[in-house]
Structures are given as structure tokens and as C-alpha cells.
Amino acid sequence: MNEPATKLASNDPIVSDLQTRYGDSCVQQITVDPYPTVWVAREHIRDVLSYLKSDAAHKYELLYDLSAIDERLRKHRDNQPDSEFSVFYHLMSLSSDRDIRIKVPLQDSDLNIDTVEKIYPCANWYEREAFDMFGIHFNGHPNLRRILTPPLWEGHPLRKEHPARATEMDPYHRTDEFQREQQEALRFVPEEWGMSRASKHTDFMFLNLGPNHPSVHGVFRIALQLDGEVIVQAVPEIGYHHRGQEKMAERQSWHTYIPYTDRIDYLGGVMNNLPYVMNIEAMAGIEVPPRAQVIRVMLSEMFRVASHLLFYGTFAQDVGQMSPVFYMFADRERLFSIIEAITGGRMHPSWFRIGGVCQDLPDGWKEMVIDFCDYMPSRMDHYDKMALQNKILQRRTKGIGAYTTAEGLDWGITGPSLRATGNDWDLRKKRPYSMYDEFDFEIPTAESGDSFDRCVVRVEEIRQSLRIIKQCAENMPSGPYKSEHRSTTPPLKERTMKDIETLIHHFLNVSWGPVIPPSESETIVEATKGWTSFYSISDGGTMAYRSRVRTPSFPALQQIPFISNGFMVPDLIAIIASIDFVMADVDR
Amino acid sequence: MFGFEINWSYVLILPVALGVLVFALVLVWWERRLLGWWQDRLGPNRVGWFGVLQFVADAIKLFTKDDWIPPFGDRFFFVLAPFVVCAAMIMAFVVVPFDEGWVIADTNIAVLWFLAMSSLAVYGVLLGGLASNNKYALLGGLRAAAQMVTYEVFMGLSILGVVMMAGSFSLSDIVMAQADSIWYCIPQCVGLFIFIIAGLAETHRLPFDLPEAEHELTAGYHTEYSGMKFGLIMAAEYVALILLSCMITIMFFGGWLGPSFLPGFVWFGMKVFILINFFILLRAAIPRPRYDQLMSLGWKILLPLSLLNLLATGAVLLLI
């Protein structure tokens, strides 16, 4: 009774273009999302990607995502080439507003493919992640080593044979010997990264900044090669916050995974629920009522304000200004009290549901929201005087860590950090979702793409988000807060006691959770720190077969060496502060 | 040997040393309360009346803490460093006149003594940074050395204008000279401005706390210090703040001078207290410049400015 909800992707000429160039091995796959998906043979991958980046009619400047799928246990693979492991590349063309997803079939016995790191620099870390998670070898990769799991980890976590629960494994024991080995493996060896310990004139100092350091916003390590206080080379090290979000998605029901999404960008709260539930709604064919959509927009924008306020405060703090962070935390607290009144939760309300939101808005919500929207703008002006217009702060951050739009795209930078370079790509305007096209707001941009501009853009975004929130409050549609579709979670209960059919469906949907028809879909949203997306594959079960979480912080950290080499340690701190990342969003 | 003989004012030694230390500890509480008030939060308010006994609790904590000395560091200098910092700062109070005649050693080289002692404190910071054998501490120590050498230079130059106007290196004479004329904060406003900046750099408090720079070097030169050794470094920082405020009061705001309905030391204390609050306000308001920016500010702007000030003062004095 669950009919597949797939529809034909838009007929993009690039598909037939690729087919004429690379022959019939290029097969198009039908997915729920509107992005054309093309299977390409392994030999062609470098050609195809460099063609798409530089020579195609519409140039795909951005490698948005790269990961893999373990297909060995998947039942529904109609019309797809034979494959045990599929590597997929999601490319985007911002200039012509197009996407394409390239998939490459691989066999377990011969699990390797050419690296595309030379074509898209940001592929470096994504390929390391795919190697770490699936054991896929990327030929020609400059430094293919584990990135998220510890260096001595056994197995590749996202392969289907790797256990997902502690109960599937032997009890955990840690011997002193084991601990020593693990610690020794984490030692930074400059030679492994192609660094020399001394130049003709000087001995370099190697400084381990982090994983515990006041300014790295979580557990993040950067190994610095220093000449005096000047950074010669930097190597970011991540993985200290890795929880296996993608693996957990494969063992939670579609519904019970929602609370996990809140923790991906832990400052983003329900903003993380949004791409996840929208993606499942697309796969299940659920229409979300307007009231639910506007409630979602309102809550998401509140979290954008909360996240940006925290960014603003810590940004000022990291360049040595002591006070602003306290004022901004106090304002964030006001916002959390509203969020708490509406959702019952504060940082991680897990409040969105498949097909709508958890509850209707409480009495008196409107006054609280409007009060806040009236209160904040004058505070923002006050903060401008205190922080942004401060000459010392400007001298510390202007011209520091700058990059152009093209460089940003090369490194996979999205969201406010890209708009700081002058590009006005905002998904809320370019590809409106959840009724964003009904709202009146501007997309702030800046020009030079340095640390200061990254802050300016976010500060202005707070003002725009306040506008959106106010419009939500003033024009909240009436109607249901949840769809009546049978796959909504938890399903509506009014008629369960009236007829046996509804009772059975309700019972199954609550106990097992909804069954999503076999399909693939990806949904991208403009999250607090850039673009966050869920790429989910259903094999017709109550759980995801594969759930890819693409977050904006991951490529942003990869870019750090590129924008910080040659600067001083205090500049690096300013750069880190301006990137606006959280480690949970990086490691997932 | 410095030209003063044993006299009754030596009884002041113990009260001054203890008083300064206790005031420094109370100041820790006061600063936290004040910052809390300015930053929309509470600050310490649990121990005693408005948390005023917080410093007692802090001191107990520091004394009972595990006193760890890094095994990879240089033990002797590591232990020595905090004492050098703290002792040098307290020694400088020997020449501070709190009221007319209320001074341990009213010597004719008092200004030089103050400069010498505050320079000596740099050794403590430097030794602490180097002896810790920690990379952050090393960077902090390096910054401290460069910053203090730079600011030492025109700290001295900035108060030479005052010395020229008063015609004496004795702090009591400088105060008395202001009794006849206007306070030196008006004619020596440039000197005052430079002295405040240089003094802040010497005390390495927030706008100029580069040797510690929490967000860059975790805790800079005192990263490895714990227990009472850390306590001494903290205390020295606050003693330095008091000392700086005392010196500014004496040289630019007429020391203990004031209308006679209040005794001189009360006027002195009030002026010092206002200045201390001003420095706390600066800490709350201003971000930290970068290390090389601080250096170029020092050498390219403040040093020429203090020389010009000196030149102008000399010219005016000669003309009058």
C-alpha cells in the first residue's frame, strides 16, 4: 500500500550531454529530489568532474558533498548499475542554479577510485571521510588517513558489517597498554604532513593548539608550524566530537531519529530538524499545512538569531573584548525563554515532526514574540557601537583570513561565510522552501570576505531574521499544525477509537514508526552556519538505509590552513572565531 | 646607602606590605562584583556580606591546592619567579607617600626606585615563562619581554615632564610642588595619557594582557602555575594595579592634596580608588590589540609623542 513516491527529475540537458560524451554507461537514476542523478563508470570520474567544473555549458563550481553508500544489503535498486559501494558526488552550479549528482559503482573486491582533490580542493577531507567510514581507497590522494575515528580504529564504521550498538560488541576494556598506543598514535609528526622541522634560518616550533583550548569552540586541534609567532603551516585535526550520527540514523526509526538531528549543530536546535523532516515528507509525499510551515520558519529563525548572537559574543571575546558576550548571552536567554514557552525545550527542543510540528502554539505566544522583536533592534544598535565599531576590533579582524567567492566555493564554503565575499546565494531566496518566498527580507552581503565581514553579515542576518519572526507572528495562518497524512508522527488520534482500520494504522505507526517507500531524496536548507542537508535512502523500511548528513562546518575547518598561513597566532584565533563552527556540526 | 637614615617611619613597613596585599585581595572581589554589575550578571555574592569574604575563600582554596611543579621545567627559577614578581611590586611601595610624611623612605630617587622595581618585575614574568618549559608559557614570556622593554622606555620618558616641572625625583616634593600650582594632570596631560598606557602595559591587564592572552595562549606565562604560586602572580597583578593608581595620583592628581575638611590620606585613597575603577572599566570595555600592533603603537607613536612632550615641557619651563 506504500506506493513509491518517486517522480522524474527535471529534464536537464546535462544528462544527455554526459551520455553522448561518455557513452551508455551513463545511466540516469530517478530520485525524489529534483537533482539529476547520473551513474558514471569509475574510469571516467576525473574527466567527468573536470568537464563539469570547467567545460560544461553550466559550470558546476561547488563540490557540495562527497560520500558513499554501502549497497550490499539494499533490496530496492531498480534500474541502477550493479554496485556494492557507490561513491556519490553532489555538484552545484551557483551561477545557473543547477545541481547534479554523480554516482560511481564500485565492487568490494576492488574498492578504489581516483581522487578528485586536484579538481575540487575540498574533496580532500570528504575523501578521507569516505575512506575512514567505508574503506574506499582514493588513488593519488596526498594524505589518505583516518579523519573522524581514532588512528588505530578497527573497521570502517559505515560499512553494514560494522556493529552499530554496544550490545553487538564485546564488553569494553581499556588497558594501560592500549591507552599508551592510542595516545602515541595521536602524536603530531610534522614529517607526515610534509613539513620540515627547520629552515635555513630558523628552527620551527610546533604548537598543538587544542583539542582543549579556550578559543577552539569545542574539541578541535590545530597543529601549528610556527616561525616565532607567525604561522608557516597549519594542520586542523578533527574527530574528537564524532558520535556516528550517520550510523545512528541507520538504527533509529524515521521518527525517533529526530532528537539526534538537534545535536548535529547544537546551537541550531530545530533548524537541524527542518531538512530532515522535509526530506522524509518529500519521500512520503506529505503536504505540510501552512500553519506548520510558518511555525517552523519562526522557530528556525529564532534559532538562527540565538546561534548568531552566541557567535557575535564569542567573536568579540576571542579578540579580547570581555563584556559583549555577557549581554548577548542575556538576550539569548530571553529568546530561550520564548522557545521554552513554545516547545518546552531550550537548546534541543526536537520539536518538528514528520508532517508538522509537535504541538500547536501555546496561549500568549504572540505577545512574547512581538515583544522580543521590538526589544532586539535597539540592542543590536547598541552592540554595533560596542563591538563592531570598535577600532581595535576592526584592526584585529579586517583583512584577516580573507578569501574570494571562487576560493570559498573551491573549499565548499556556504551560507553567511560565502555571502561575506559578495555572493548573495541564499537558499531561502533562490530555492524557497517552507514558504520562505512569502516573507519580506533581505540577504545581507559584504565585499572583502575577511573575518570582519563574516561578522558583519551575521549581525545583519540577525536583524533580517527578526523581521521574518515578526512577520510570522503577525501573519500566522490558522489551521492544523500537523498533516493528516498517515505517515505523520505521531499520527493523529481523533478517530482511532472510532474504527478498527485507523486503530491498527495508529498502533503500527506509533510502535514501529512509519514506513517510508523505497526512494532517495536530499533536502538542503539555509541553516545557521551554512547549508545543512540530509540525503536519505529508504529501502522500504521503518529506518533509513543510509542517511548522509552534510554540514557547513566540516569544509570550513578544512579551509583554515589556506586562509591562515602567514598570519600570527592571534589572527588565527580571530579567523577561528569568525568561521562560526561547532565541533558537533563538523564531526557529526 | 640611598641617603636616608633609620627613622620612625620604618614602623610603616609591615602595615604597608600587609595592607597592600589585603587590599589587592579585596580588589579581586571588588573587580568581579563591578564587572558583574556592568555585565548584567551577579558576580561573587555568596561568602559574607555581598560576597566580600570571597577573597578569604579564594585564599583558602589556593593554599590547600596541590602545588604542582612541572617535572619538565626548571624547578629553581619556576619557584623563584612568582616571588620576584610579587616582591618587586610590594617593594615599590617603599617610596609611596600616602599623606604628608606618611612614607617609609622619603628618598630623592623615589621615581627611579619605582621605575627600577617595575622593571625588576619583568624578570619574574620572563623567568616564569621560560622555566615552565611550556610552549604557551614561552610565547607569553617572549611577549612579556618585548612588550615591557618597549613600554619601559617611554614610561620613564612620560614622567620626566613631571619631574622637570617639580624639579625633583622625590615623590613628596612632586606632590608639594602641585600644592602651589595646578595639578600636573592639566599641563602634563600628554604625559598622563602616555603614562596610563605604559602603566597598563606594565601591569598587563586586559587591553594589554598579551603575555597572558587567555584566548590565544591559554594563560600565557603562568600556564603551568597552580596553587599559591599562581595566587602570588595574581596578587602581584593587583598590587601592580594599586601601585600604578598610586603613582598616577601622586604625579598627576596632587597625591594627598585636597580641601582640608578631610585628612590627606583619605583624599589619596579616594583618588586611587577612582583610578582603580577606571582601569577596571577599561578592562571591561576594550578588546586586545595584536602583539605587533601594540609594538608599533609603542615605538612609532607613543615614543615620539613622549619625546615631543618632553621637548615642549622643557621649552615652556625655559621661557618662564
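In the predicted model, B:V20, B:L21, B:F23, B:A24, B:L27, B:V28 and B:E31 of helix 1 of chain B are in contact with B:A235, B:Y238, B:V239, B:L241 and B:I242 of helix 9 of chain B. By class, this contact of helix 1 with helix 9 of chain B comprises 11 nonpolar residues, no polar residues and one charged residue. Helix 9 of chain B spans residues 227-252. The axes of helix 1 and helix 9 of chain B lie 9 Å apart, at an angle of about 95°. Because an angle of 65 to 115 degrees counts as roughly perpendicular, helix 1 and helix 9 of chain B are described as roughly perpendicular to each other.

On the side of helix 4 of chain B, the contact is made by B:V111, B:F114, B:L115, B:S118, B:S119, B:V122, B:V125, B:L126, B:G129 and B:L130. These residues meet B:A137, B:L138, B:G141, B:A144, B:A145, B:M148, B:E152, B:M155, B:G156, B:I159 and B:V163 in helix 5 of chain B. The contact of helix 4 with helix 5 of chain B has 15 nonpolar, five polar and one charged residues.

Chain B also contacts chain A, with 27 residues from chain B and 33 residues from chain A taking part. The two chains, B and A, bury about 2600 Å² between them, and 59% of this area is on carbon and sulfur atoms. Two salt bridges are found across the interface of chain B and chain A. B:R143 forms a salt bridge with A:E229, with the closest N and O atoms 2.5 Å apart. The interface of chain B and chain A further holds 11 residue pairs in polar contact, both residues being at pLDDT 80 or more.

On the side of chain B that touches chain A, the elements giving two or more residues are helix 1 (13-38), helix 5 (135-166), helix 8 (214-217), helix 10 (264-285) and helix 11 (291-319) of chain B. Helix 5 of chain B supplies the largest share of this side, five residues. By class, the side of chain B that touches chain A contains 13 nonpolar, four polar and 10 charged residues.

Technical notes:
Residues are numbered from 1 along each chain as its sequence is written. Chains are lettered from A and ligands numbered from 1 in the order in which they are written. This is a predicted model: local features need pLDDT of at least 70, side-chain atom pairs count only at pLDDT 80 or more; totals for chains, interfaces and linings use all residues. Side-chain values use heavy atoms; hydrogens and water are left out. Contact means heavy atoms within 4.5 Å. Buried area is the accessible area (1.4 Å probe) that two parts lose on being put together, summed over both. A salt bridge is a side-chain nitrogen of Lys or Arg within 4 Å of a carboxyl oxygen of Asp or Glu. A polar contact is a pair of N or O atoms within 3.5 Å; within protein, one must be able to donate a hydrogen and the other to accept it, and residues adjacent in sequence count only if both atoms are side-chain atoms. Helices (H or I, at least four residues) and strands (E, at least two) are DSSP runs, numbered from the N terminus. Ala, Val, Leu, Ile, Met, Phe, Trp, Tyr, Cys and Pro count as nonpolar, Asp, Glu, Lys and Arg as charged, and the others, Gly among them, as polar. Axes are lines fitted to C-alpha atoms, for helices over the stretch in contact, and angles run from 0 to 180 degrees between N-to-C directions. Angles under 35 degrees count as roughly parallel, over 145 as roughly antiparallel, 65 to 115 as roughly perpendicular and the rest as oblique.
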